[in-house]
Amino acid sequence: MTPTHPVLIGYLYWILGIFGAHRFYFGRPVTGAIWFFTGGVLLIGWIVDLFLIPAMAEDAARRYRPGRFDYTLCWVLHTFLGLFGVHRLYMGKIFTGVLFLLTGGLLGVGFVYDLLTLNEQVDELNSA
């Protein structure tokens with residue numbers, strides 16, 4: 001079975017890790033926000049995370065259900081096209097996807113909300 005959050009993708013997001021990207025991807029929004037506002041806790045936490053990514057991937061695999069919607073695809077769509085709501089359209093949330101498209105991710109507020117809750121949204125859809 002394919003893992004919900006592959007280690008390789010975690011390492012790719014780790015490149016942006018001083019902004020907490022890999023931590024958000026693995027479903028750790030609190031520490032992701034801390035990394036974002038502190039530059040990966042002054043780069044030290046970012047370097048330590050290089051060794052912690054496999055454990056974070058295992059934890060995410062235990063916490064989040066695989067299913068119809070792919071977590072990685074959702075995250076990539078959110079990362080590059082999130083202000084346009086493409087990740088929401090992928091998840092079948094047509095109304096809010098179009099709303100994001102017309103408002104720039106609700107002026108960025110919705111984009112940040114999805115950054116903090118995207119794994120839970122996908123997990124909920126996969127459980128149905």
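**Pocket, core and helices of a predicted model**

Q: How do the residues of the lining of the largest pocket divide into nonpolar, polar and charged?
A: The lining has 13 nonpolar residues, two polar ones and no charged ones. Ala, Val, Leu, Ile, Met, Phe, Trp, Tyr, Cys and Pro count as nonpolar; Asp, Glu, Lys and Arg count as charged; the others, Gly among them, count as polar.

Q: How are residues numbered, and what kind of model is this?
A: The model is predicted: local features need pLDDT of at least 70, side-chain atom pairs count only at pLDDT 80 or more, and totals for chains, interfaces and linings use all residues. Numbering starts from 1 along each chain as its sequence is written, and side-chain values use heavy atoms, with hydrogens and water left out.

Q: What makes a space a pocket, and what is the volume of the largest pocket?
A: On a 1 Å grid over the protein atoms alone, a pocket is an open set of points with protein on both sides within 12 Å along at least five of seven lines, whereas a cavity is a set where a 1.4 Å probe fits but cannot get out. The largest pocket has a volume of about 380 Å³. Of the 15 residues that line this pocket, the closest to its centre are Phe 19, Phe 24, Phe 36, Phe 111 and Leu 115. A lining residue has an atom within 4 Å of a point. The volume is the space filled by probe spheres set on the points, which are joined across faces, edges and corners.

Q: Which helices supply at least two residues each of the lining of the largest pocket?
A: They are helix 2, helix 3 (29-42), helix 5 and helix 8. Helix 8 has the largest share of the lining, four residues. A helix here is a DSSP run (H or I, at least four residues), numbered from the N terminus.

Q: Why is His 78 called buried?
A: Buried means under 20% relative accessible area, exposed means over 50%, and partly exposed is in between (1.4 Å probe, protein chains only). His 78 has 1% relative accessibility, so His 78 counts as buried. His 78 is in helix 5 (residues 71-81). Beyond its neighbours within four places in sequence, His 78 is in contact (heavy atoms within 4.5 Å) with His 87, Phe 111, Asp 114, Leu 115 and Leu 118.

Q: Which residues of helix 5 are buried, and what do they pack against?
A: The buried residues of helix 5 are Tyr 71, Thr 72, Cys 74, Trp 75, Leu 77 and His 78. They pack against helix 1, helix 2, helix 6 (86-90) and helix 8.

Q: What makes a set of residues a nonpolar core, and how many residues has the largest one?
A: A nonpolar core is a set of buried Ala, Val, Leu, Ile, Met, Phe, Trp, Tyr and Cys residues joined through side-chain atoms within 4.5 Å. The largest core has 20 residues, and those with the most contacts inside it are Tyr 13, Tyr 25, Phe 26, Trp 75 and Val 122. Helix 1 (7-14), helix 2 (21-25), helix 4 (44-63), helix 5 and helix 8 (109-127) each supply at least two residues of this core. Helix 4 gives the most, with five residues.

Q: Why does Tyr 13 count as buried?
A: Tyr 13 has a relative accessible area of 8%, so Tyr 13 is buried. Tyr 13 is found in helix 1. Apart from residues up to four places away in sequence, Tyr 13 touches Ala 21, His 22, Tyr 25, Trp 75, Val 76 and Thr 79. The C-alpha atoms of Tyr 13 and Val 76 are separated by 9.8 Å, although the two are 63 residues apart along the chain.

Q: How do you know that Gly 10 and His 22 are buried?
A: Gly 10 counts as buried because its relative accessibility is 0%. His 22 is buried because its relative accessible area is 0%. Gly 10 is in helix 1, and His 22 lies in helix 2. Leaving aside neighbours within four places in sequence, Gly 10 is in contact with His 22, Tyr 25, Phe 26 and Ile 53.

Q: Are Leu 106 and Leu 107 buried, partly exposed or exposed, and why?
A: Leu 106 is partly exposed because its relative accessible area is 34%. Leu 107 is exposed because its relative accessible area is 78%. Leu 106 is in helix 7 (residues 94-107), and Leu 107 lies in helix 7.
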